[in-house]
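Open the model in your viewer and keep the selection tool ready. We will go stop by stop.

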Amino acid sequence: MWLLLNLGGKVAALLLADSAWAVAVACWFVPDAILAYHVFMPHAQGTLRAPRRFITAGREVWLTIDDGPDAEDTPRILQLLAEHQARATFFLIGQKAAAHPALVHAIVAGGHEIAHHTHTHPIGTFWCATPGRVRRELDAATDIFCRLGISATRFRTPGNQKSPWLQSVLKSRRLAPIDWTARGLEGWSTSPGAVADRVLRHLAPGNILLLHEGPGVPVGIRVEGVREVLGRLTRAGYKCVVPTAAQLASS
Ligand SMILES: [Zn+2]
C-alpha cells in the first residue's frame, strides 16, 4: 500500500511537472512525508498497529524493560521486582541474550516474560531495512530464544522505527507488536526522579510503561530509575502485571 502510494505520487508528479509544477512538487514529496511520519513518529499506527494500553479492572500497569539483558543491571532489577512483588516483561536483544544465557534463565525463574527486541538492535537503519533484513533480525533472535527454551510472542521495534515491511514479517512469525503508553526517556533525564515523573505523569490502570536497562542509560539513572518507578507505583497502590493477549486484543 505504502509503496503504491509513493509510486503513484512520483508518476503523478512527472505527468504534472509541465502543467502544474506546484501540484507536481506536492505529489512528489507529500507521500514521502506521510510515510516518514508513520515510520518514525511514536504511536503512529499507519505502518504497524500495536496496542498502547491493556484492559484491566484493577490498579494495574505493565512494566516493560528494553535493551537487556545486562550483566550489571538485570540482576539488580530482578531483585527490585521481587521486593515489590512485581512482574515485568523484558524486551531482550538477541545477541545480548546469547551472551548472557544465565540472565535470561534468571528472568524466567523470577516469573517474568521474555519478549523480542530484534537481534542486533539496529537503531540507525531498521527504518529502511529490506524485508530480508527484517526477517534476519527477527529470526536470529528467535533462534537464540529457542535454544534457551523460550518462545517469545511479543515484539517491540527498536527506536520506534516501523518500516512498511515489519507488520507482515511479524505476522508471519506470530509476533505481536507492542507499543507503550509512557516512557522514561532515560537518555534525556537528569535523575531517577525525573524518569519517574515522566513515565508516571498520566498514571492510569492499563498503562504500558517503557524503561530501559544497560549502558545506554546514563550513570546515576541505571537501575535507580526502575527503583524510583517501582517505589512510587507501590505507594500509589498499583500492581505490575503482564497482561494476557485477550487484554491487549481490543485495547
Ligand atoms: Zn531498544
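Select Pro-69 to begin: Pro-69 sits in the loop between strand S1 (60–68) and helix H3 (73–83). Helices (H or I, at least four residues) and strands (E, at least two) are DSSP runs, numbered from the N terminus.

A note on the source. This is a predicted model, where local features need pLDDT of at least 70, side-chain atom pairs count only at pLDDT 80 or more, and totals for chains, interfaces and linings use all residues. Residues are numbered from 1 along each chain as its sequence is written, and side-chain values use heavy atoms, with hydrogens and water left out.

Next, select Asp-67. Asp-67 is in strand S1. Its phi is near 85°, a positive value in a residue other than glycine. Is Asp-67 buried or exposed? Asp-67 is buried, with a relative accessible area of 15%. Buried means under 20% relative accessible area, exposed over 50%, and partly exposed in between (1.4 Å probe, protein chains only).

Show the zinc ion. Which residues coordinate the zinc ion? Asp-67 (OD), His-117 (NE2) and His-121 (NE2) do, at 2.0 to 2.1 Å. Donors are N, O and S atoms within 2.8 Å of the metal (3.2 Å for Na, K and Ca); water is not among the atoms, so sites may look incomplete. In sequence, the donor residues are spaced D-x49-H-x3-H. Both His-117 and His-121 are buried.

Last stop: Leu-185. Leu-185 lies in the loop between strand S6 (182–183) and helix H8 (192–199). Leu-185 is not a glycine, yet has a positive phi of about 45°. At 26% relative accessibility, Leu-185 is partly exposed.
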